Amino acid sequence: MLVQDRAAPKSPKPPQIRPLPTVQSNRFAESKKLDFSTWVSENFYRIVAVIVLVTTVAAVFFVYSSTNMASLLCLQSQTQRAMDSISLPQINWNSIKPIADKTSPYANFRSEQWVVVSVSSYPSDALQKMVKIKGWQVLAIGNSRTPRNWSLKGAIFLSLDMQASLGFRVVDHLPYDSYVRKSVGYLFAIQHGAKKIFDADVRGEVIDNDLGKHFDVELVGEGARQEAILQYSHDNPNRTIVNPYIHFGQRSVWPRGLPLENVGEIGHEEFYTEVFGGKQFIQQGISNGLPDVDSVFYFTRKSGLEAFDIRFDEHAPKVVLPQGMMVPLNSFNTIYHSSAFWALMLPVSVSTMASDVLRGYWGQRLLWEIGSYVAVYPPTVHRYDRIKAYPFSDEKDLHLNVGRLIKFLVSWRSNKHKLFEKILELSYAMAEEGFWTEQDLKFTASWLQDLLAVGYQQPRLMTLELDRPLATIGHGDRKEFIPQKLPSIHLAVEETGMVSSEIGNLIRWRKNFGNAVLIMFCIGPVERTALEWRLLYGRIFKTVVILSAKKNSDLAVEEGQLVHLYKQLPKIFDRYSSADGFLFVEDDTVLNYWNLLQADKAKLWITDKVSMSWTAASTKENSDWYSKQADMVNKVVSRMPVHLQVNYKEAVKNEQSLIICSCEIFYVPRHFVSDFVDLVNLVGHLDIHQKVAVPMFFLSMDSPQNFDSVLSTMVYKQDLPSTNSSWTHYSAQAPAVHPWKVSSEEEFIKLIRIMAEGDPLLMELV
């Protein structure tokens, strides 16, 4: 109708005058009845015509209006999209003003090595140990759940108020109740001289309280390890993600952040290549106990309410990833060197369980731009399972997007000429693709500006190797490493070493000793026997620790002196803090583990009832050595706590008597470990021989009548020929056999065959 009104009027035609009908002049004629029914009947055709006309006009108007409305909605949608489109922040990199610490009590404090943790409750035991790590400054970041009176001697604590006063831009983007507030801590550490940052968790106890044991804390200079590092092969260019747990002996465990479609890929590497170290600016450690696993693993791999205690191969070599290949990273066991500090930013628009994983993939992709790579290391911390996991819903966005994210990142390219420009561009692209929101794009802009404001220098770019033709891997470039197959958890069923052998007695033996550590001292040549001993006993015990007079890193043989080896045991006890017990054996003694099932693992085992092994010597009738040893023993006894001293004096009535044990085999259960360690500390620097110290310890820890007698029936001979030519003294019915010499692979094979009488499955090893 409006269109009609806007149309120009047409020239009117002259009206045609129709002649009026002739009307009879009868003024008094009878008038018609004007009732409704009569009127309808007389005007029926006219009424129908009017209805048709109105309907037609209405239909035309509706179609017209609908078309205009659709056009309007389409226009509104386009306008809304234009309003909602994400814009790339514009930053003048040369006009960023410095931010100095003018408010905190630590304004003048400087340290090159920092441990950054988020704290929501009072200091944990692990955190209290962490502050004692030499050379590292602990920085605790509070949130809205942190107690107001939180404090820990040796740690710097930043409350919410202190964080707000530092002047960092990122504070405006951070939630109050989340660990992602660690981003403030990273900036604070960099501002105060950080060169390395250990991104840690309050649940993780650093193994041996030494971050340098496995991590490469130094990449250059005298302290750096100048060595080649294994690298995953790039032979398959379509492989973009790996499960590092396989390399470290756990093929049925996968890390949080691994795409679920890759969980079933459990085969080990056919071969590796090598690269020279020095560029591993991000170093991911493996965690024993409760490793970094997702909720799917946690809720499907439990057979009850028992805590996870998963162990990885601590002797497996570290491994790096070539460009084009990624690995899940976390925020509780990772070292960042200064060249990768920009990669510490924790996203804020995704769930907390996805934040560090997305950060890890985002950071790995950008790491390639500076010619660097990620390295994964053997177990560096032990995390204790609290029997509590995050629900799957907290990880939903992670599981839905992570596979697509990896493909996107590997294919992403940038033409920018500075690293920070590339970082901002990638964050923009990820927001456009929906991996995070515009909030994280703005957060990235604030983060980069804050980095420059605290004095950080962005690294230089390197040529991206992804765009080069892949080099052919020659036969000489291939490096072989066969990962161990450690006991693990698979669908709530315990795996026992070689899966094909999970039958019969082997399962019972493994179940009995699967959480006990075997400590073996090798008197013979370890180059010929160390791997064989692990192969033999590693099927049964939690782990096998091998020591010898000479260290051999290639075979993971630790150094130790047999005369004082007991002084080294506390370190091993602490290393395997969740083990049920520790069985010590020398390599000249054969252990028939199938005959130890009836032994009580809560009691002490030793050869006190084997006369050739355990003797009482009189210091009056023997040499000065005995007298000196007895004097030192009496000195230690005099300083013992009451319960230890009483036990010892009840067992040894005469101070002139010296108990000597050959100590080829003994067992210490977990609940006696603390007493054993206390006794070692009491000995201190005294030169007490192993054969004297160990029986003294045992007699102090408990009464001999409480010792388990399982070793009383062992075969024990003193004098045998130099070779095992006769084989006559071996008995598969004894718990142990001594002595037995194994100095070559041939002799080991003979031993395996004779032991197969008690364990027929051993024949699979030969």
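Analyst: **A buried strand and its surroundings**

Strand 19 (residues 614–618) runs antiparallel to strand 20, and five bridges join the two. Strands here are DSSP runs of E with at least two residues, helices are runs of H or I with at least four, and both are numbered from the N terminus. Two strands pair if DSSP finds at least two bridges between them. The model is predicted: local features need pLDDT of at least 70, side-chain atom pairs count only at pLDDT 80 or more, and totals for chains, interfaces and linings use all residues. Residues are numbered from 1 along each chain as its sequence is written, and side-chain values use heavy atoms, with hydrogens and water left out.

Within this pairing, Ile 660 of strand 20 has Thr 615 opposite. How many residues of strand 20 are buried? Five of the five (residues 657–661) are, so the strand is largely enclosed by the rest of the structure. Buried means under 20% relative accessible area; exposed means over 50%, and partly exposed lies in between (1.4 Å probe, protein chains only). Cover comes on both faces. One side carries Ser 657, Ile 659 and Cys 661; the other carries Leu 658 and Ile 660.

A disulfide is a pair of cysteine sulfur atoms within 2.5 Å. Searching the whole structure gives zero disulfides. Cys 661 is in none; its nearest cysteine sulfur belongs to Cys 663, 4.0 Å away. Cys 663 is likewise in no disulfide, with the sulfur of Cys 661 as its nearest. Cys 661 has a relative accessible area of 0%, so it is buried. Cys 663 also stands at 0% and is buried.

Three of them form an open sheet in the order 18-23-22, with mixed pairing. Strand 18 (590–591) and strand 22 are the edges; each has a single partner strand, so one side of each lacks a neighbour in the sheet. Two bridges pair strand 18 with strand 23 in the antiparallel sense. Val 590 has Val 737 of strand 23 as its bridge partner.

Now the rings. Rings of Phe, Tyr and Trp (its six-membered ring) pair if their centres lie within 6.5 Å; planes under 30 degrees apart are stacked, over 60 edge-to-face, and the rest tilted. The count is 34 aromatic pairs. One of them joins Trp 533 and Phe 748, edge-to-face, at 5.6 Å centre to centre and 90° between the planes. Trp 533 sits in helix 14 (residues 526–537) and Phe 748 in helix 20 (residues 745–755), so the pair ties together parts 215 residues apart in sequence. Both Trp 533 and Phe 748 are buried.

Tyr 730 and Trp 740 make another pair: centres 5.8 Å apart, planes at 75°, so edge-to-face. Tyr 730 is in the loop between strand 22 (715–716) and strand 23 (736–738), and Trp 740 is in the loop between strand 23 and helix 20. Tyr 730 is buried at 10% relative accessible area. Trp 740 is buried at 1%.

Ring pairs also link a cluster: Trp 509, Trp 533, Tyr 537, Tyr 593, Trp 594 and Phe 748.

Last, charges over rings. A charge sits over a ring if NZ of Lys or CZ of Arg is within 6 Å of the ring centre and within 35 degrees of the ring normal. Arg 383 lies over the face of Phe 332, 3.9 Å from the ring centre. Arg 478 lies over the face of Phe 271, at 4.0 Å.
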